[in-house]
Amino acid sequence: MGEENRKETVVGTGKEPRLVTGAEGKKSRPAAAGRVLSGMRPTGRLHIGHYFGALENWVRLQNDPAYECFYFIADWHALTSDYADTSGIAENTLQIMIDYLAAGLDPAKSVIFQQSVIPEHAELHLLLSMVTPLGWLERVPSYKEQLASIRGKNLRTYGFLGYPVLQAADIVIYSAVGAELFVPVGKDQEAHVELSREIVRRFESCNGYYIRGELFEPTRKKMFNAILSRLAVLESPSNPDFTPEQFLRHWVAEQGFDNFIDGLISDEQKSFFIRRRILQEPKALLTSTPKIPGLDGRKMSKSYGNAITLSETDEEIRKKTKVMVTDPARKRRTDPGNPDVCPVYDWHKLFSAEEPGRLEWVRQGCTTAGIGCIECKDAMATNLIKWIAPVRERRVTWENDPKGVLEILDEGSKKARVVAQGTMERVREAVFGWKKKRDENKK
Ligand code: TRP
Ligand code: SF4
């Protein structure tokens, strides 16, 4: 008996076909596929930190037939911090799309789309916001940090606090029937994915079950009373006006449906609660990414001015890398250095690995003071320029065809929207039951 109601029934619309996602470019997709979703905010040009921290991995996943990939531009999320000056968002969206394409995202293999043209993301955000306790949002580590560190912007807004709820909606609106949902993110975003899981669990504890219909009064009332006394919560009713059923529903929302079912009630009682899965808990896909510090040794970031963008010219690359931070202990040319604490060496590992003998030359030369930092950086910059050339070339091609770029984005958004609409039909019916109500009132 107990097993029966735990079996996960998916209330699908059956409208989530694989083919609409535009992943036709991949041959022979295995049945047990996983969906992948990730995005970036259009706050500026992408740099090599974005490439090695995320994009390289996104491209790898798109080329793996086990995954159906959705990558998007989170233009609504840009508003959470830039609401007072929205002038750059449209241009940044275009530029990020060009960066995506230059980095190798392929619209024949991935669905590439824009958040704000899919209103279903906003609708799901609204519904999820209803069940999300404030405390969960106030506790997000990056929330407090950013409130404290970002100057000149008033971030004490409803939208900024709700950032993770919108992010949860972005992710779980691509819940798939019979597949896992993965979010490739960096360590710093892991807490957001974990929060998405909690929001989904709470949403499901409110809407992801129903009570078998053949249970009529007064049996129904009796059962709720029996369950409540078993749960030993009846003694302290939070609201004297609640019926036992209302009481129980609020109790389940707080405690979680799975906790409620797992061992809190008898098997016979369990059999009256039928689980129906609506949204899926996503998983963070943490892939180890190479270390790529900024030119000054801190985390690479546009706002620190320590980045190399994907559109940087050879001259700029030479100029910027010349003054790059090295092993701070190597003050004079005659001092030996330690490549393991030098940002230049981190970059060498990414750009010089294919040049035979180069990494050994650096290690040997550095530790014996056989080479100077100037020639070391020079060799690194030469390889960085070699690496960036084809990316930049693709970038220039797309820069010259912005209309084509936007068409690709619109095509992707259309495909994503079909999937999002399928999920929302299921969500709306689970929350409101309008179809059921209409069917009851047809006669
Ligand atoms: N928070 C991400 C960033 O800072 C952008 C983002 C919005 C996102 N929604 C998402 C990432 C959903 C992964 C999944 O760039
Ligand atoms: Fe860094 Fe190269 Fe100088 Fe060594 S020689 S400290 S690896 S820049």
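Of the 443 residues in this chain, 34% count as buried, a term for residues with 20 or more other C-beta atoms within 10 Å of their own; with 12 or fewer a residue is exposed, and in between it is partly exposed, the C-beta atoms being placed from the backbone. What you see is a predicted model, in which local features need pLDDT of at least 70, side-chain atom pairs count only at pLDDT 80 or more, and totals for chains, interfaces and linings use all residues. Residues are numbered from 1 along each chain as its sequence is written, while chains are lettered from A and ligands numbered from 1 in the order in which they are written.

Let us begin with confidence. The pLDDT is the predictor's confidence in each residue, on a scale from 0 to 100. Its mean over the chain is 89, and 91% of the residues reach 70 or more. Residues 1–32 are a stretch with pLDDT below 50, and beyond near neighbours in sequence this stretch has 64 contacts in the model. Two residues are in contact if their C-beta atoms, placed from the backbone, lie within 7 Å. Where pLDDT is low, the predicted coordinates should not be read in detail.

Now step back and take in the whole chain. The C-alpha trace spans about 90 × 45 × 45 Å along its principal axes. Its secondary structure comes to 20 helices and 8 strands; these are DSSP runs numbered from the N terminus, with helices (H or I) of at least four residues and strands (E) of at least two. Among contacts with a separation of 6 or more, 83% join residues 24 or more positions apart.

Next, look inside. A nonpolar core is a set of buried Ala, Val, Leu, Ile, Met, Phe, Trp, Tyr and Cys residues joined through C-beta atoms within 7 Å. The largest one here has 79 residues, and Phe70, Tyr71, Leu128, Ala169 and Tyr174 have the most contacts inside it. This core lies between domain 1 (2–205 + 281–288 + 401–434) and domain 3 (311–399), because both give residues to it; the domain bounds come from an automatic or database domain assignment. Another core, of 7 residues, lies apart from it and includes Phe224, Ile227, Phe247 and Val252. In soluble globular proteins, nonpolar side chains tend to be buried together.

Two residues let you explore the contacts in more detail. Leaving aside neighbours within four places in sequence, tyrosine 174 is in contact with Arg35, Leu37, Phe70, Leu181 and Val419. Isoleucine 112 sits in strand β4 (residues 110–114) and counts as buried, because it has 27 C-beta neighbours inside 10 Å. Not counting residues up to four places away in sequence, isoleucine 112 touches Tyr71, Tyr100, Leu105, Pro107, Ile408, Leu409 and Gly412. Between the C-alpha atoms of isoleucine 112 and valine 36 there are 12 Å, although these residues are 76 residues apart along the chain.

The ligands come next. A residue is near a molecule if its C-beta atom, placed from the backbone, lies within 6 Å of it. Around ligand 1 you will find Leu37, Ser38, Gly39, Met40, Arg41, Ala74, His77, Gln167, Asp170, Ile171, Val183 and Val185. Two or more residues of this shell come from each of β2 (34–40) and α9 (163–172), and β2 gives the largest share, 4 residues. By class, the shell around ligand 1 has 6 nonpolar, 4 polar and 2 charged residues. Here Ala, Val, Leu, Ile, Met, Phe, Trp, Tyr, Cys and Pro count as nonpolar, Asp, Glu, Lys and Arg as charged, and the others, Gly among them, as polar.

Ligand 2 is surrounded by 14 residues, and the closest are Gly337, Cys342, Cys366, Cys373 and Cys376. At least two residues of its shell come from each of α16 (343–351), α17 (358–367) and α18 (373–399). The largest share, 3 residues, belongs to α18. The classes in the shell around ligand 2 are 9 nonpolar, 2 polar and 3 charged residues.

Alanine 369 has a positive phi of about 60° although it is not a glycine. With 14 other C-beta atoms within 10 Å, alanine 369 is partly exposed.

Finally, visit arginine 212, in the loop between β6 (209–211) and α11 (219–230). Arginine 212 is exposed, as 11 other C-beta atoms lie within 10 Å. Its C-alpha is 65 Å from that of valine 344, 132 residues away in sequence.
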